[in-house]
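This report describes the fold and a few selected sites of the chain shown below.

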Amino acid sequence: MKVEFNKDKEVVARIQEGLKRKGGYCPCKVGTKPENKCMCEEFRNQIKDPAFEGYCHCMLYYKYK
């Protein structure tokens, strides 16, 4: 299992700017709840799933099997 940033540097830059504006909370999710703090709870749960491979909700990270 391996998690890394999206290979598209433009996407990474846009998402990281959004993270700065929202104080570290996912710019793609509504609200500043603890579960939306990057790396969000949704993606942390997906990482735990050995069958999951793909991007997080905002496409900042990619998880390989």
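## A loop asparagine

The side chain of N36 reaches the backbone oxygen of V30 at 3.2 Å, within the limit for a polar contact, which is a pair of N or O atoms within 3.5 Å; within protein, one must be able to donate a hydrogen and the other to accept it, and residues adjacent in sequence count only if both atoms are side-chain atoms. The model is predicted, so local features need pLDDT of at least 70 and side-chain atom pairs count only at pLDDT 80 or more, while totals for chains, interfaces and linings use all residues. Residues are numbered from 1 along each chain as its sequence is written, and side-chain values use heavy atoms, with hydrogens and water left out.

N36 lies in the loop between α1 (9-21) and α2 (41-48), where helices (H or I, at least four residues) and strands (E, at least two) are DSSP runs numbered from the N terminus. With 7% relative accessibility, N36 counts as buried (buried means under 20% relative accessible area, exposed over 50%, partly exposed in between, with a 1.4 Å probe and protein chains only). Apart from neighbours within four places in sequence, N36 is in contact (heavy atoms within 4.5 Å) with G24, Y25, C26, K29, V30 and G31.

## C26 and helix α1

C26 belongs to the loop between α1 and α2 and is buried, with a relative accessible area of 4%. Leaving aside neighbours within four places in sequence, C26 is in contact with L19, N36, C38 and C58. The C-alpha atoms of C26 and Q16, 10 residues apart in sequence, are 9.2 Å apart in space.

E17, in helix α1, counts as partly exposed at 39% relative accessibility. A C-alpha separation of 8.9 Å is found between E17 and P27, which are 10 residues apart along the chain.

Three strands form an open sheet in the order β1-β3-β2, with antiparallel pairing; two strands pair if DSSP finds at least two bridges between them. Because β1 (2-5) and β2 (54-55) stand at the edges with a single partner strand each, one side of each is left without a neighbour in the sheet. Four bridges join β1 to β3 (residues 61-64) in the antiparallel sense, and K2 has Y64 as its bridge partner in β3. Helix α2 packs on the sheet, touching β1, β2 and β3, and its direction makes about 15° with that of β3, where axes are lines fitted to C-alpha atoms, for helices over the stretch in contact, and angles run from 0 to 180 degrees between N-to-C directions.

β2 and β3 run antiparallel and are joined by two bridges, with G54 opposite K63 in β3. Five residues lie between the strands of this hairpin, in which M59 takes a positive phi near 70°.

The structure holds one cavity of 30 Å³ or more; on a 1 Å grid over the protein atoms alone, a cavity is a set of points where a 1.4 Å probe fits but cannot get out, and lining residues have an atom within 4 Å of a point. The largest cavity has a volume of about 50 Å³, a volume being the space filled by probe spheres set on the points, with grid points joined across faces, edges and corners. The lining of the largest cavity consists of C26, C38, M39, C40, F43, C56, C58 and Y61.

Conventions: 1 Å grid on protein atoms, 1.4 Å probe; cavity = no way out; pocket = protein on both sides within 12 Å on 5 of 7 lines; lining within 4 Å.
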